[in-house]
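The following note sets out points for a colleague who will work from the coordinates.

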Amino acid sequence: MKIFNQGFRTRYIEVLLLIIICFSFPNSLFAGETVEILGGPEDVNVRLLAVLNKLDPDFYADEKTQGFVYRYRHRWTNPYDFNIYVGKVGKTSPDSIIRIESPRRGQEKMWKQIMEQELLQKPPHESAVPLSEKYHIVSQGLNLITPMASVGYNSWNSPLFTNRDTFVSMSLYLLCDLILAGGAYLYAQENLPKKNIYENMLNVKGPGSVWESPNAVGIFAALAVTRAVRAFDAWEDTAAHNKTAQFGWSFKF
């Protein structure tokens with residue numbers, strides 16, 4: 001049994017390391033999305049601010065523009081997650097460029113489609129569809145079962161997620177559950193009460209399952225951690241989706 005436990009722990013660590021390596025590459029590998037617009041940065045900036053304020057006014061201008069003329073970032077209470085820049089296409093060009101960056105690829109693509117429809121008056125793609133409302137109670141309820149189910153619900157027919165975003169988010173929540181709950185389980189198992197020599201001689205019943213260990217509560221506490229984090233993420237995902245849906249834009253997923 002001891003050899004089995006050692007082999008299981010070794011395999012458990014190997015799987016975790018493999019998952020960490022697969023998902024440790026930052027989202028910054030993506031170049032973001034850009035939209036070219038006729039007009040100078042000042043004029044484009046006014047039009048952009050109108051769109052940002054319409055969706056959610058909880059953002060601020062960042063003085064660190066990284067070579068652009070303007071830069072806007074979300075505040076933590078804003079359900080969207082973005083860095084949006086306004087600058088010139090080139091030194092001699094009269095036109096402007098808007099660059100959208102977000103940790104989630106889906107939000108970058110969503111913002112680009114919004115800018116094209118609002119600022120360029122470009123009709124949506126022929127395969128684009130309007131959004132339907134999502135419900136906080138459904139997302140939070142699924143989260144109590146598993147955060148992965150909540151991610152799946154929020155990502156379904158939502159421009160906030162690409163397939164990669166969904167896969168990465170679900171995998172990271174699975175990884176955290178494996179690390180936290182798996183580690184707590186192994187700790188509780190290792191600390192089960194041991195029979196002494198007299199109990200062995202009298203054939204006294206040994207310790208029960210790991211769930212009877214005094215440390216078993218740590219397993220449930222570990223599972224609660226990922227669900228607490230996802231509860232906030234689920235609120236953001238649902239709020240951002242519904243804010244976007246109310247304006248009647250159509251999106252190509």
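1. Pocket lining by element. This is a predicted model. Within it, the second largest pocket draws at least two lining residues from each of two helices, α3 (105–118) and α6 (163–190). The contribution of α3 is the greatest, at 7 residues.

2. Pocket size and centre. The space in the second largest pocket comes to about 520 Å³. Its lining consists of 23 residues. Those nearest the centre are Lys 109, Gln 113, Pro 159, Lys 252 and Phe 253.

3. How many nonpolar, polar and charged residues does the lining of the second largest pocket have? Sorted by class, the lining comprises 10 polar, 7 nonpolar and 6 charged residues.

4. The chain as a whole. The protein chain holds 8 helices and 7 strands. Of its 253 residues, 39% are buried. When contacts between residues at least 6 apart in sequence are considered, 66% of them join residues at least 24 apart.

5. Strand β4. Why may strand β4 (residues 83–88) be described as largely enclosed by the rest of the structure? The reason is that 5 of its 6 residues are buried, that is, under 20% relative accessible area.

6. Partners of β4. Strand β4 pairs with strand β3 (residues 70–74) in the antiparallel sense, over 4 bridges. In this pairing Val 86 of β4 has Tyr 70 opposite it. Strand β5 (residues 96–101) also runs antiparallel to β4, and 6 bridges join the two. Here Asn 83 has Glu 101, in β5, as its bridge partner.

7. Helix α5. Which residues of helix α5 (residues 147–155) are buried? They are Pro 147, Ser 150, Val 151, Tyr 153, Asn 154 and Ser 155. After the helix comes Asn 157, which has a positive phi near 50°.

8. Ser 150 belongs to helix α5 and has a relative accessible area of 0%, so it is buried. Apart from residues up to four places away in sequence, Ser 150 touches Ser 139, Leu 142, Asn 143, Arg 230 and Ala 234. Ser 155 is also placed in helix α5; at 13% relative accessible area, Ser 155 is buried because the limit is 20%. With neighbours within four places in sequence left aside, the contacts of Ser 155 are Phe 161 and Thr 166.

9. Leu 142 sits in helix α4 (residues 136–145). Is Leu 142 buried or partly exposed? Its relative accessibility is 25%, so it counts as partly exposed. Beyond residues up to four places away in sequence, Leu 142 touches Ala 149, Ser 150 and Tyr 153. The C-alpha atoms of Leu 142 and Tyr 153 are 8.2 Å apart in space, while the two residues are 11 apart in sequence.

Notes: Residues numbered from 1 in each chain as written. Predicted model: local features only at pLDDT ≥ 70, side-chain atom pairs only at ≥ 80, totals over all residues. Heavy atoms only, no water. 1 Å grid on protein atoms, 1.4 Å probe; cavity = no way out; pocket = protein on both sides within 12 Å on 5 of 7 lines; lining within 4 Å. Points joined across faces, edges and corners; volume = space filled by probe spheres on them. Nonpolar A, V, L, I, M, F, W, Y, C, P; charged D, E, K, R; others polar. Buried < 20%, exposed > 50% of the residue type's maximum accessible area, 1.4 Å probe, protein only. Pairing = 2+ DSSP bridges. Contact = heavy atoms within 4.5 Å.
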